[in-house]
Amino acid sequence: MTRRRAASVLRWLWLGGVIVAVTFPVYVTVVTAVLPPTDVAAGRLVPVPDRLTLANVRAALGSAPLAQQYLVSVAVTALQSAAQLTTAALAAYALVFPRWRGRGAVFALVLATLAFPGESLVIPNFELVSGLGLRDTVLGIVIPYLAAGYAVFLLRQAFLALPRETWEAARMDGCGDLRALLYVVLPMARPQLVTAAMWCALSAWNGYFWPLLITDSPQRRTIQVGLAQLVVDQVTAPAVIYAGTLLVLLPTLLLVLFGQRFLVRGLASRVTT
Amino acid sequence: MVLPCLGLLLVFAYWPAVRSVVLSLYGNDLLGDPSRFVGLDQYADVFTDPDLRRALLTTAAIAGLSVLLSVGGALAAVLPLRRAARRPRAVASVLLSLPFAYSAAASAAVFAGLFAPAVGTLNEVLQHIGITGPEWLRSPVWAVFAVSLATAWYEFGFAFLVLLAAVTQLDQQVIEAAALDGASGLRLARSVIIPMLRPSLVFLLVTQTISGLQVFTQVQVLTRGGPAGATSTLVHELYQRAFGEALPHVGSASALAMVLLLLVLLVTAIQFGVLRRWA
């Protein structure tokens with residue numbers, strides 16, 4: 001019995017060490033939002049109740065057009081994930097329900113794009129999008145990413161698990177393809193649709209390399225690119241950097257805290273295939 | 001109905017891949033336009049040009065180190081969690097998945113604050129317990145380590161979530177049978193549980209290696225490739241050549257893009273090979 005207790009204590013000591021190491025950067029990001037700048041500079045990271053202040057957050061908002069960049073990021077996230085879900089739902093429907101020659105080949109073409117690293121495609125895409133006159137616009141940021149192989153993959157898997165008879169019955173009753181997708185297929189696949197939406201939104205919000213390349217003026221950049229610039233401008237004031245990071249982090253932090261169930265479902269289906 | 005999706009992917013994924021191959025065969029003329037056919041010269045440069053060779057090695061070092069730290073760290077966190085009581089286990093899981101909420105830029109920004117020269121928070125905190133921290137971003141070796149650490153921390157959240165999901169789905173009967181046979185603690189972990197986690201571990205090693213090969217954000221935010229080019233990676237060189245200079249070297253950058261694409265396809269092919277052998 002004592003051996004087991006000793007093992008349990010040891011296990012929690014070990015886990016405690018891992019947790020401290022992993023959450024330290026998170027703690028720093030969150031707590032410095034309410035600390036006076038001088039405390040952060042001196043490495044005193046425990047909040048004292050009567051000295052709380054939002055000075056760091058105000059400094060971050062004053063240093064870069066973060067509020068405007070927030071709006072750009074929101075627009076990019078909404079547009080890009082809505083477009084990805086739409087194109088993916090249409091494609092997944094066509095790949096699962098109607099039978100036609102060549103759909104295996106088309107799915108292979110879509111799936112293969114998952115193996116393309118985005119960074120290796122930016123130079124021609126930059127030429128193309130600049131040529132369309134879309135540099136420094138929200139449309140320019142989202143246009144190469146209106147379709148995503150991963151979303152097709154997730155929705156195709158969801159649709160395959162649905163009862164085919166329901167779809168056939170709807171078609172017998174004279175339901176068109178678009179109506180069948182909207183009123184029969186999608187309502188049945190709602191949980192997986194939420195999962196796909198979350199992954200699309202997460203990658204749109206978190207994008208960095210392409211938005212950095214295709215935008216030039218500070219107020220038209222996404223919040224991620226704005227944050228990187230904040231790091232350059234405030235290199236002597238880490239407290240301001242943390243406050244800016246917290247602002248960028250808030251939406252995804254909420255997603256991870258409250259939507260983890262859905263996110264994990266997306267992971268599981270990737271591992272097993 | 002498949003056409004919008006397929007059309008977009010053809011224009012923004014397949015066409016750029018083909019166009020990159022063409023661009024990589026041409027060198028710059030004096031105006032910076034890629035008009036001089038040079039064949040495979042720019043691919044040879046990747047292995048002969050000292051800067052590029054160094055970037056390739058740095059990329060390998062950062063990718064290797066961060067994969068090791070993130071997957072190893074996630075495994076070290078998940079294994080002891082398996083036998084914890086439900087409540088504390090749920091709390092620990094939430095805490096450990098927090099890094100996943102950070103984007104590459106956000107995590108790099110936090111580490112930029114922690115590692116900042118002279119005012120870095122990490123060294124200030126270490127000073128309170130009597131340790132003088134290293135010059136994280138100013139010495140070449142420490143800078144490579146600092147970038148790897150920031151990358152590993154960013155990747156940790158994903159690795160942890162994948163392994164946590166895998167551990168909760170393990171077949172408890174097999175583990176109990178092994179425990180009845182006298183296997184316990186580390187032995188049980190090593191010879192029963194880790195082999196059972198193999199599919200997830202392979203998946204993680206592959207995806208994390210691929211994202212390690214693409215590491216850019218951490219480099220750009222933390223060091224801009226410095227000190228003296230010590231942390232410049234494949235994608236950072238690509239960025240510098242195509243977008244960071246007054247006279248862009250589009251051809252040379254395209255050759256780098258193709259090398260990256262080939263490396264990623266190679267890693268993916270190895271993954272499929274390994275999985276097929278098991279099946």
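**Chain A and its partner**

Chain A has a radius of gyration of 24 Å, whereas a compact globule of 273 residues would have one near 19 Å; the radius is taken over C-alpha atoms, and the globule rule is 2.2 Å times the number of residues to the power 0.38. The model is predicted, and local features need pLDDT of at least 70, side-chain atom pairs count only at pLDDT 80 or more, and totals for chains, interfaces and linings use all residues. Residues are numbered from 1 along each chain as its sequence is written, while chains are lettered from A and ligands numbered from 1 in the order in which they are written.

Along the principal axes, the C-alpha atoms of chain A fill a box of roughly 70 × 70 × 35 Å. Chain A contains 15 helices and zero strands; helices (H or I, at least four residues) and strands (E, at least two) are DSSP runs, numbered from the N terminus. Of its 273 residues, 44% count as buried. A residue is buried if 20 or more other C-beta atoms lie within 10 Å of its own, exposed if 12 or fewer, and partly exposed in between, with C-beta atoms placed from the backbone.

The two chains meet through 67 residues of chain A and 74 residues of chain B, where contact requires C-beta atoms, placed from the backbone, to lie within 7 Å. Helix α1 (residues 2-31) of chain A supplies the largest share of the side of chain A that touches chain B, namely twelve residues. That side of chain A divides into 50 nonpolar, 14 polar and three charged residues. Here Ala, Val, Leu, Ile, Met, Phe, Trp, Tyr, Cys and Pro count as nonpolar, Asp, Glu, Lys and Arg as charged, and the others, Gly among them, as polar.

In chain B, helix α12 (residues 234-244) is mostly covered, with nine of its eleven residues buried. Among these buried residues are L234(B), H236(B), Y239(B) and R241(B). The buried residues of α12(B) pack against α6 (122-131) of chain A, and also against α3, α10 (198-213), α11 (217-222) and α13 (250-278) of chain B.

Helix α3 (residues 50-81) of chain B also holds L65(B). L65(B) counts as partly exposed because it has 18 C-beta neighbours inside 10 Å. A distance of 19 Å separates the C-alpha atoms of L65(B) and P134(B), which are 69 residues apart along the chain.
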